[in-house]
Amino acid sequence: MSTAPHYPFTAIVGMDDLRLGLLLNAVSPAVGGVLVRGEKGTAKSTAVRALAALMPDVEVVAGCRFSCPPDSPDPACPDGPHEAAPGVARPARMVELPVGASEDRLVGALDIERALADGVKAFEPGLLADAHRGVLYVDEVNLLHDHLVDLLLDAAAMGASYVEREGVSVRHAARFLLVGTMNPEEGELRPQLLDRFGLTVEVAASRDPGQRVEVVRRRLAYDDDPAAFAERWAGEEAALRERIVAARALLPTVRLGDDALRQIAATCAAFEVDGMRADIVMARTATALAAWAGRAEVTVEDVRQAALLALPHRRRRNPFDAPGLDEDKLDETLEEFGGGDDEPDPGPGDGPGGGGGVPPQGGAPDSESAGEPTGSPEETPAPDAGAGAGAGAGGGGGEQAPARAAEPFRTKMLSVPGLGEGAAGRRSRARTEQGRTTGATRPRGALTKLHLAATIQAAAPHQRARGRSGPGLVVRRDDLRQATREGREGNLVLFAVDASGSMAARRRMGAVKGAVLSLLLDAYQRRDKVGLVTFRGASADVALPPTSSVDAAAARLEQLPTGGRTPLAAGLLKAHDVLRVERLRDPSRRPLLVIVTDGRATGGPEPLALAARAAGLHAAEGTASVVVDCESGPVRLGLAAELARQLGGTAVTLDELRADSIAGLVRDVQATTKSARRAA
């Protein structure tokens, strides 16, 4: 493990909101943590690791695995009770939670064998215990399984972790500064989980050349000699550490007046946030801001800054809404409810940057850092794939402006038949860690979910041979049985959308986009990955590789142009290539192919025959598929229905795709796929 010092917090360039959000949580962990949203390469992780080095040392009971303070140890500590004795000082820990961590790794594990046989609560602490009185850092929190995020945020809210297995329960304190980072391009958190984070900040790479130069200069200096670079910033780091300690000491004395409380309540009501958590978080944040500035009373500017940090992520009403706050409306609300002219003079540390020993930096404040390779213009999303492909190429006319999507509608579930073993979700049946118990099996590796009845049934015949003499059951490891459970998995829903001239009637294309948008919303709710292939002109393009971000898919769909020929075979082959690669990357995630087309094929020799052969590749691999028939008019050729037959899937018209008509479609998808597999 590297012993090089961390990149100094005070050496980070710009990123004012991020630094302030982290520092406020260091002053008052009751704020509830901070979620950092931003593109890749913006030093989100570096800033969090740098903050941990600023946290004051903690006094702990010697030998306690749960970091109990010696002056007030936790009476329920599994290592207790603790006798009165001097404590030992150690640095505050920064604990990282990997995306692939198990529930037992997070909350801890009970030795069920010893609990059953000896009545002993043998508990192995998890990451929540390690993070107590320190920092718990979750990189890519949006990719963490929902039930783990729920456990994590429950512990953060209650200040304690509970582990229960088959009637055996252990509780321990778990108070920590929670920091999560995420790249929105990889998928959003559910609104219920977003609300559990106290603050949210957005970071992006600076477009100012001066700041980018300074970022590179400092990063290169750090890489050349980390120790010398850290020494240059040691004075600023020490000053910032002292300021955190002083703000913590001042925090209990800060006064939150009735005027400030009315402004907080009025702001939350004006922005129509759900529940009361936003009000509480704003109050705590405003108090921490005042303490950070060295003031004894909350001002209107504290309330305003607290709103900018605590409210944007709580205003999302559907997955396609971008977080944000109307600052003009915020100022009007604060002015209406008073407190604008009689506030105290700003303290020496007021302002978004928060001061704190950060040396003057050139250039305008922006969201940039020196801790990781910075983003570049090349990293910004490219224009929609296929935007110029085939414009004016033969039949169907040239490219037309994108049609506006019709209003999305509620759909019922499309599911992949059979029993999968993919990532937890809400679409298709699968063997999962969570769900209803369907049976028992011998554990492979560590036991995670005990099937108590099956374990007792396995141990009962051997009690006399094992010399049982008392009321206890003699249980051996071979008797233990793992519960098998059935729940739901998320799938890969790949859309192949015909954007050719035959689809270009604006009203019809608007209806098509509305249908796809509805299915995207359903995919978001069911925790699927989605991908988008478009075909028009002379070729097919991957407009969006498989991702967990339905926001990105919706944005690409909205800008999808139309026009040109209909290379149906190319679209099917491109979809086949995408699915082939995804099967190698994630073989347990089963795909559902949704083809949106009128079934026509033009361009090249025998286009329909080529399309039939391409469809046969999907049918041979048993890919569950649905063809959304977009053909309109009094004369219908039935080409989409024929394509569905070649795919071994089912066809449905746009009208049948709505919730009141889709139940039969689900049965058709399952029955058709099962029939195809039996025939194979």
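Keep in mind that the model is predicted.

Let's begin with empty space. Rolling a probe the size of a water molecule over the atoms shows where such space is left. The largest pocket holds about 990 Å³. Its lining is made up of 39 residues, and those nearest the centre are His 145, Asp 146, His 147, Ala 423 and Ala 424. Which kinds of residue make up this lining? By class, 17 are charged, 13 are polar and nine are nonpolar. Several elements supply at least two lining residues each, among them helix H3 (103-107), helix H6 (146-158) and helix H16 (506-525), along with strand E14 (482-489). Strand E12 (424-432) is on that list too, and E12 gives the most, with five residues.

Now turn to the packed side chains. In soluble globular proteins, nonpolar side chains tend to be buried together. The largest nonpolar core here has 63 residues, and the members that touch the most others are Phe 9, Leu 22, Val 179, Trp 292 and Leu 311. Helix H12 (residues 277-292) provides the largest share of this core, 10 residues.

Finally, follow helix H10, which runs over residues 234-250. From first C-alpha to last, H10 reaches 24 Å, close to the 24 Å expected for its 17 residues at 1.5 Å a residue. Which of its residues are buried? They are Glu 237, Leu 240, Arg 243, Ile 244 and Ala 247. Viewed down the axis of H10, these buried residues fall within an arc of 120 degrees, so they line one face of the helix. An α-helix has 3.6 residues a turn, so residues three or four places apart point the same way. On the other side of H10, Glu 242 and Ala 249 are exposed.

Definitions and conventions
Residues numbered from 1 in each chain as written. Predicted model: local features only at pLDDT ≥ 70, side-chain atom pairs only at ≥ 80, totals over all residues. Heavy atoms only, no water. 1 Å grid on protein atoms, 1.4 Å probe; cavity = no way out; pocket = protein on both sides within 12 Å on 5 of 7 lines; lining within 4 Å. Points joined across faces, edges and corners; volume = space filled by probe spheres on them. Helix = DSSP H or I, 4+ residues; strand = E, 2+ residues; numbered from the N terminus. Nonpolar A, V, L, I, M, F, W, Y, C, P; charged D, E, K, R; others polar. Core = buried A, V, L, I, M, F, W, Y, C linked by side-chain atoms within 4.5 Å. Buried < 20%, exposed > 50% of the residue type's maximum accessible area, 1.4 Å probe, protein only. Expected span 1.5 Å × (residues − 1). Arc of directions from axis to C-beta.
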